[in-house]
Amino acid sequence: MSHAAPAVYTIPTGAGFLDTLAAGLLREAGGDPLALAAMTVLVPNRRAVRGLREALLRAGGGRPLVLPAMRPVGDVDEDALGFDAAVADTALDIAPAVEPTRRVILLSRLIERWRARDAAAGAGLGAGAGAGAVAPAQAVDLARDLAGLIDALHTEGIDADAFRHLVPEAYASHWQVTLRFLDLVTDLWPALLAAEGALDPAARRDRLVRALADAWRAAPPEGPVIAAGSTGTVPATAELLGVVARLPRGRVVLPGFDTAMDRDSWDAIDPQRHPAAALHPQAAMRQLLDRLGVDRAEVRPWPLDPAAEARAGAVAGRVEMLREALRPAETVAAWRRVAPGDRADPLPGLSRVDLPTLRAEAAYIALALREALETPGKTAALVTPDRRLGRMVAAELRRWSVAIDDSAGEPLGATVPGVFLRLLVDAAAGGFRPVALLSLLKHPLAAGGLAPARCRALARALDARVLRGPRPVAGLAGVTRLVERGELDDRTRADWARVAEILAPLEALLARGSVALAELVATHVRVAEALAASDAEPGAERLYAGEAGHVAADALARIGAAADALEPLAGDRYPALFTALIADATVRPRFGRHPRLSVWGPIEARLQQADLMILGGLNEGSWPPDPGHDPWMSRPMRHDLGLPALDRRVGQSAHDFVEAAAAPEVVLTRAEKVDGAPTVPSRWLVRLDAMLGGLPTGDARRRAWLDALDRPAAVAPLDPPRPTPPVAARPPTLSVTQVETWMRDPYALYARKVLDLAPLDALEADPQASDRGVFMHAGLEAYFAGVGPDWPDDAAEGLIAAGWRALDAQGLADRPAVVQFWWPRYCQVARWIDAEERRRRATGHAPLVIERMVAREVLPGFTLKAKADRVDRLADGRLAIIDYKTGMPPTDPQLAAGFAPQLPLEGWLAQLGAFGGVDEVGELAFWHVRGGDPAVAVKTVKKPDERIAQAREGLAQLVAAFRDPATPYLSQPRPDRARGHDYDHLARVKEWQDRLDGQEDAP
């Protein structure tokens, strides 16, 4: 009860596979709804089922139809195949497939155990596995690769015992270790599966497919059976296709089989004769025909309706040119037969666009897709294996409020609940460092039992008034200590206490050295739900809302259910393990996507067609994909074992490229650089260029739109700011350090003193000289304030103790970076000052003033103030004014030019009697406090009287100039003298500095 010859058909490239198939099925049914319903159609995957359903509705003009039974043979299960009674009985005897998350965890446990034993023996496990004990997250990644290898063995029908027949001595030593591990898997993995009462998914799929094939051999279905779109790369599927092709009413329909290929090329893609045959677009179908025992001359054309004939005819020349361009290497000499005049004719509707960056490529594609919507009824699709490019295009389209259907979906880890769950464990494992903590509290799901707006206010308060500056002591306790010392109100402190109480259990658990995964997951979930809870909604309702929330809940449940399969692990390993375990979870929105725009992977595009097809990411390593490497098997090992070469994916990608490139309008795009690195064009683009001498370069309008997309219509040259506040708003009192800022960058003084804008320290800032200076000044001031005329014998110890009290009082003792970097240096400085103080007192020097703030009206209506670090009375009665510098002291040219007036102005104040009534200055000196060798470097100012007079005159001119209401506070009037300031961004310096480079505009 079978065909005399297998019934194998093909739908030509360019006809639109699913639309042509649907039209043929409806034509065959002849308007009889029961005839259509009696058909069974096997397609490669569930996406193809949805596509065929939509194609049938289009072909039927939207009228109600009783659809045929459509079954995906790639995503096979009992429901999908629609087993008859005989197959159902067989299916009940087949164990279920092991749950994917549980399988990965079980395999990772095997890897960890072997790796620990292997490391103890001094060997290494597998290529790329690293050295030493493997981390749980790395074990999960390796387990996924190992699961792929196991599935490949099942798919190709290779017994795992075949590992034992490989000769280890024929391979490098690290592959020999891998073979020993795989031998262990051969023994232990089947036993583990048996204990689970389960099978590997590929093994179960193959058994079900073969059960269906056996059932149809024994009792062919009464209705028509059509297997469409599959290329039979899975042997079990190829066996089923062979059965279908020989059923009395069975047919196999191939996608884009090339019936016009010349004989030499057909022979060149024979895998038995040419190892590189798998790289050709038709290689998989040649292999299928060989398995079916069908000569290519026996492949029949599927009957085409007029619309399909028109579609195929419109691109026939292009398809022919693609066939020529992708010839096997052995026959490329035939390119010489393509006449120059023939090379341009087949290319209408095909263009190529090279963009400078991946972002530019995404923006160009988004523009082309958006333009397609201007034509009523026009459909458009981006086809790319680069999921990053797909996400970027979707993001670009959101500027026009267009949501696009991406067949790959979105990784759970990139969704709102996924990011929240990852932020939580990362922050807890990292000791709630400021950046991680604020990222968590500013997440839209974070509430901590408060109103969400209140939680955001707490985050802003911690950001602005608590966590700025060097990183605090790790953990919630360190943050709490800063909160208690910070300038916060009682309500904010109470809010933090509530949030800290929620977070504490997870922090404590992750700090443990050995924890069961089940306990980690349960605590993670409990804390996440508590932190997500608001004052109006339970945490579970907020965390698991929407499609992404449902996927997150399912992923957490799967991990929790499989957690008993993993041995206890160190708590700090959990964040990376959690990220690895959710890596395969994908969110696919079901509603709210545009009906005429899509993002397809190459496999989806093989069977579907849009009016505009944009083939994006056409670079080597992206499309075609990098074959990569198998961490468990070398290429010779795969060959000896009977596994297909990794390069087979390239041939499948080539077939998908040809099918997608045969749409009515096609744009080929690539980025010349990705992440700053140059890229290599796809080999198919290189071949087309070599044969045709280049491709049309796309629509110039789109390039113009792209250039103008984020550029304003007109940009007026920006001039430097020239604020002229009223004289009454200008500061009448300044410190000597602010006078220096006034001279170098008046705008910075304006922002600080007139606008009252104070800069925030960076989060987790590296230790700065200012941090060192703060506590050094405070420690020295505190000690000298309690010292009498006699210098104590234990002064060094006293200085050190005073410094630590100052460090603690200012909250810097909670900043590990400050303590580790600067405290040892302070101790060295304290010992130097002790020795220097003894020397100075022995030569008649006596401290007169230590850290004293003084102020004098030095000019009518203008007061100058200063806090002198130290003023000594010299042996001759004159004063020595000393300034501690934790940063670099000014140079002699800077002092001579008047751009470092701080110490000379203190000298002027001394001449006015501000320090003990003595008005004669004998020495100005900088003590460069650095804590090295020497701990303090002394720099004495030359010609102190001249410098004081110069500073006095300069300040008088400055005050007089700024009493004129027309005098502006310019930003960096002398760029060569300017220093980087916290207000440069406010003055938008980078927008005008280059244009005015070299110009001076100072009062």
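**Close-up views of selected local features**

**View A. Leu757 is placed in the loop between helix H32 (746–754) and H33.** Helices (H or I, at least four residues) and strands (E, at least two) are DSSP runs numbered from the N terminus. The model is predicted, so local features need pLDDT of at least 70 and side-chain atom pairs count only at pLDDT 80 or more, whereas totals for chains, interfaces and linings use all residues. Residues are numbered from 1 along each chain as its sequence is written, and side-chain values use heavy atoms, with hydrogens and water left out. Leu757 has a relative accessible area of 34% and is therefore partly exposed, that is, between buried (under 20%) and exposed (over 50%), for a 1.4 Å probe and protein chains only. Together with Leu755 and Leu986, Leu757 makes a nonpolar surface patch of about 220 Å². Patch residues have over 30% relative accessible area and no salt bridge, with nonpolar side chains (Val, Leu, Ile, Met, Phe, Trp, Tyr) joined within 5 Å and like charges within 9 Å; a salt bridge is a side-chain nitrogen of Lys or Arg within 4 Å of a carboxyl oxygen of Asp or Glu. Areas follow the Shrake-Rupley method with a 1.4 Å probe, and for residues only the protein chains shown count as cover.

**View B. Glu781 belongs to helix H33 (residues 769–785).** Its relative accessible area of 28% makes Glu781 partly exposed. Beyond its neighbours within four places in sequence, Glu781 is in contact (heavy atoms within 4.5 Å) with Ile850, Glu851 and Lys867. Val849 lies 68 residues from Glu781 in sequence, and their C-alpha atoms are 10.0 Å apart in space.

**View C. Strands S17 (residues 846–859) and S18 (residues 862–873) run antiparallel and are joined by 11 bridges.** Pairing of two strands requires at least two DSSP bridges between them. Val849 stands opposite Val871 in S18. The two strands, S17 and S18, form a hairpin with 2 residues between them, and Gly861 in the turn has a positive phi of about 80°.

**View D. Trp684, Leu685, Leu688, Met691 and Leu692 are buried in helix H29 (residues 683–692).** Viewed down the axis of H29, the buried residues fall within an arc of 135° and so line one face of the helix; the arc is that of the directions from the helix axis to the C-beta atoms. Their cover includes helices H14 (316–325) and H28 (648–660), and strands S7 (350–357) and S14 (665–674).

**View E. Arg454 lies in helix H19 (residues 452–465).** Arg454 counts as buried because its relative accessibility is 18%. Not counting residues up to four places away in sequence, Arg454 touches Asp489, Arg491, Thr492 and Asp495.
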